[in-house]
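Please find below a colleague's note on the structure. It is set out as numbered points for reading beside the sequence and the coordinates.

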Amino acid sequence: MSKEEILYWLNVIVQLVQQDRIRADEIVGKTLIELVELARTEWDRAQGEVDKLNVV
Amino acid sequence: MIFTKQLTSLLLIAVMVFTFVGSGCDSKATIDQLAGWNVRLAGLTADLGASLNRAVGEGRLSPQKGQQAAKALQVVINGGKAATAALNEILKKYPTGEIPQAELKGLFTDFSDIVIKPIKVLLTQFDLATGEDLDYLSLAVNALRSFISEISRRLKKSGVPEAAYLYNTLSGKELNNV
């Protein structure tokens, strides 16, 4: 893997971790119903991304 | 001086007992924590999928490798959806969030089997990847790996008895022995 590729994927990790931290803050204080609803939305979003990967 | 040390020890023991009993008996807090982890795992999986799509779009990842990754992610997503449905059922059955220990234990076991285990398989696959196969997801999945470690650390800290099976799945260690 080239240095540029390593930097690219490291940047991906940093972005994923940052986004996870933001999400962790956002879910604080949410009710169980809201958390279940949010999880459903996020799993659906994940499904959408996987469907896109399969189409390409 | 000796008194201060004794007092400090007593305070420490009191805090440990409070933490253990509090976390073990408060099923509402435990279920909230599990539901929160489910949201974060779902979000991370979606973000990882989006990153892979972007990488394919930018020509940094071949469509074939993108599809391989999609296959692995699909197993995680199937588990996540099932776990969310199970949470929803529990919520309908116990709207206050006060769940009997046996059901809470069952929920943790399901979460462990259908969400965490596929993620661990995914991580192991990338641990075993070599050469050209190593050049993409092995780095990207580290965000998932770091979150799995976080769950493991938190379980170790809180010592929730119902989550012993999940902790074992995460770390291969006995929760009671930590």
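The points below take up the basis of the model, its helices, its core, its salt bridges and its surface.

1. This is a predicted model, in which local features need pLDDT of at least 70, side-chain atom pairs count only at pLDDT 80 or more, and totals for chains, interfaces and linings use all residues. Residues are numbered from 1 along each chain as its sequence is written, chains are lettered from A and ligands numbered from 1 in the order in which they are written, and side-chain values use heavy atoms, with hydrogens and water left out.

2. Chain B contains 7 helices and 0 strands, where helices (H or I, at least four residues) and strands (E, at least two) are DSSP runs numbered from the N terminus. Of its 178 residues, 47% count as buried; buried means under 20% relative accessible area, exposed over 50%, and partly exposed in between (1.4 Å probe, protein chains only). Taking contacts (heavy atoms within 4.5 Å) in chain B between residues at least 6 apart in sequence, 69% join residues at least 24 apart.

3. Helix 2 of chain B has 31 residues and spans 45 Å from its first C-alpha to its last, close to the 45 Å expected at 1.5 Å a residue; the expected span is 1.5 Å times one less than the number of residues. Because 24 of its 31 residues are buried, helix 2 of chain B is largely enclosed by the rest of the structure. B:Gly59, with a positive phi near 80 degrees, follows this helix.

4. The largest nonpolar core has 57 residues, and A:Trp43, B:Trp37 and B:Leu41 are among those with the most contacts inside it. Such a core is a set of buried Ala, Val, Leu, Ile, Met, Phe, Trp, Tyr and Cys residues joined through side-chain atoms within 4.5 Å. Contributors of at least two residues each include helix 1 (3–27) and helix 2 (32–55) of chain A, as well as helix 2 (27–57) and helix 4 (101–128) of chain B. Helix 2 of chain B gives the most, with 13 residues. Leaving aside neighbours within four places in sequence, the contacts of B:Leu166 include B:Trp37, B:Phe111 and B:Leu155.

5. Over all chains the count comes to 12 salt bridges, each defined as a side-chain nitrogen of Lys or Arg within 4 Å of a carboxyl oxygen of Asp or Glu. One of them links the side chains of A:Arg23 and B:Asp47 (2.5 Å, N to O). A:Arg23 lies in helix 1 of chain A and B:Asp47 in helix 2 of chain B, so the pair joins two chains. A:Arg23 is buried, at 5% relative accessible area, and B:Asp47 is buried at 12%.

6. B:Arg60 and B:Glu58 also meet in a salt bridge (3.2 Å, N to O). Elsewhere, salt bridges that share partners join A:Arg23, A:Glu42, A:Arg45 and B:Asp47 into one network.

7. Within helix 2 of chain A, A:Arg40 and A:Glu37 lie 3 residues apart, about one turn of the helix, and their side chains form a salt bridge (3.0 Å, N to O). A:Arg40 is partly exposed at 31% relative accessibility, and A:Glu37 is partly exposed at 42%.

8. Is A:Leu7 buried or exposed? A:Leu7, found in helix 1 of chain A, is exposed, with a relative accessible area of 52%.
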